[in-house]
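Welcome! Here is a short tour of a sheet and some aromatic rings.

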Amino acid sequence: MGRHDVSAADGAGVRTFTRALLRDLQALERMLAEGLIESGVRRFGAEQELFLVNRGWRPAPVAIEVLDRLGDGAFVTELARFNLEFNLDPHELVGACFRHLQTEIDTRMAEVRRAAAELGCDAVLTGILPTLGKSDLTLDNMTPKERYYALNEAMNRMRGGSYRLRIIGIDDLNIEHDSVMLEACNTSAQVHLQVEAEEFATFYNVAQAVTGPVLAACVNSPLLFGKRLWSETRIALFQQSLDTRSTTLHMRELQPRVRFGERWLRESVTELFEDDIAHFRVLLATEIEEDPLEVLDRGGVPRLRALQLHNGTVYRWNRPCYGVGGGKPHLRIECRVIPAGPSVVDEVANAALWIGAVLGGVAEFGDVRERLSFDIARANFLAAARMGMRAGFFWFDDTSISAQSLLEDELIPLARRGLASAGIDEGDIDYYLGVVEERVRRRATGAAWTLTSLASMAGKGTQSERLAAVTAASAARQREGKPVHEWSLARIEEAGDWAPNYLTVEQYMTTSLYTVNEDELIDLVAFLMDKNVIRHVLVENDANELVGVVSYRSLLRMVAQGKNPNMDPLPVRDVMARDPVTVTPQTPTLEAIELMRERRLSCLPVVSGGKLVGIVTESDFMPIAYQLLSDTLKEKA
């Protein structure tokens, strides 16, 4: 949870803040040298992010209103007005700590749901909300806090252009966006593990090594804007949505701000902070009241506000964290790869798996640098994000192994031993790692459940209804409290009322288009219409800008009027209707219907940012007409 009293760094502000940042680093080095970092205790904590949804299971921008009803400092805003976050209390890693964590998350979620229900909304745990649309990512939906405006301003200035998102999975997503709001697509269940200063490098390296296999068992984000992409699409999306590197033709290497890392840690946590300060310019600044070295001279504990703020704008998947609790400074490793959901039980089981694997790995592997190259660890992480339980890994001593075998045969048993050595209750170990074991055995991750549910509904309803059904089913099964491997598949009936799925053109427009260039042969248009059973072909120029439309009627009219008796090779421009009436993805459905009725149109091209993105036709409105007629007959009956 970042500070909100910040501004976009510029000019003198950058210089002043950078000086404070460097003094914080000096102070941390001094604390490490003098043995001031807390030791002798092992704690863990967590942060929970979530989506707020309306009755149609689409994003509900009501976070501020929900917070007003909660009135609890544990809950805070996120970048978008349809997200919330809450901090969980730190727990000593002993006894029934994971059971207590689950109880706390369940309690907090119940509070959020009650507050949201007063507004006709609900809360859902999911890595990426299936019903989220690009139109939800406007600046109107950005939480009105200075920190977020400053972050957007700084990112845009540094990038010098739009955000280009390209992810290839089962489907292919290739879009542009104009703000940092793409980052709001992601929600996670972040886990923090407190470690001692002297052991930090060993723990951090083991955490890096096991993160890929752990992620394979946790994937829960296979969809973005209706496209089936990576098993954990958050990984690709987050890196690209916060990438400040501008496109260049030069050979210079620029580091991504969202990163797994480039090398193993050698000796100290300061290597990570030094590397981030060296590679990444200051994005946000705030007034720093304390001089950390003077605080140390007085025997106090500095907050290192500048270091913490800069660290919050560099997004390592395993991030080093400095904090002060109970008047004592401490160090943590924050695991950011685990997605929100599918259920609270799954989230706690994921936390137990990661923590146990780190503890067990430190005890049994020691220095992993001799047995696994860093490049392989990073490749394993990306393989897990792409393929989930279908991934294959390279592992210690140049072996290769499937994700399922590695988890079943090595990592889960390792996590058991790690948790047992920390004094975790045997019952908790059996229960939570048993959840992971069964999920892995069945390869029943949240991502697999989502994709299988969608496949089972093929041919039923519209895509918008199927995505709503998945979201509704996920919310319902979360309330039941069962882990995802016990979930039944989503059913189309769970989408609920049909009307919310037709509120805007974006929800049902056709985006797989057959288009031609105005210089192409008109016969090609007739061919496309015949082979694909369509009645309209859109005409665009080389910049993908809409310039016209050819309808089935216009081709018939050309033939009937004998306008081309010699069958000359006519270009499309001679037949197309120019300057067609268009709508945007955000156009309300009723407005689009009225526009077609008034203008006697049979189709409406959909344009966004000057680019052609889709089309709606008369046939697309037939489900609406059917539902309205059905509802009317039911009322009369």
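## A four-stranded sheet

Let's begin with an open sheet of four strands, ordered S19-S20-S21-S22 with mixed pairing. Strands S19 (515–516) and S22 (577–578) are at the edges with a single partner strand each, so one side of each has no neighbour in the sheet. Strands here are DSSP E runs of at least two residues, helices are H or I runs of at least four, and both are numbered from the N terminus; two strands pair if DSSP finds at least two bridges between them.

S20 (residues 536–540) pairs with S21 (residues 546–551) in the antiparallel sense, over five bridges. Leu538 has Val549 in S21 as its bridge partner.

## About the model

This is a predicted model, where local features need pLDDT of at least 70 and side-chain atom pairs pLDDT 80 or more, while totals for chains, interfaces and linings use all residues. Residues are numbered from 1 along each chain as its sequence is written, and side-chain values use heavy atoms, leaving out hydrogens and water.

## Aromatic pairs

The structure holds 15 aromatic pairs (Phe, Tyr or Trp rings, the six-membered one for Trp, with centres within 6.5 Å; planes under 30 degrees apart are stacked, over 60 edge-to-face, the rest tilted). Trp264 and Phe374 are edge-to-face, because their ring centres are 5.1 Å apart and their planes at 90°. Trp264 sits in the loop between strand S12 (258–259) and helix H7 (270–279), and Phe374 in helix H11 (residues 374–387), 110 residues apart.

Trp264 is buried at 10% relative accessible area, and Phe374 is buried at 6% (buried is under 20%, exposed over 50%, partly exposed in between, with a 1.4 Å probe and protein chains only). Both rings belong to a cluster that also includes Phe238, Phe260, Tyr315, Trp317 and Phe381.
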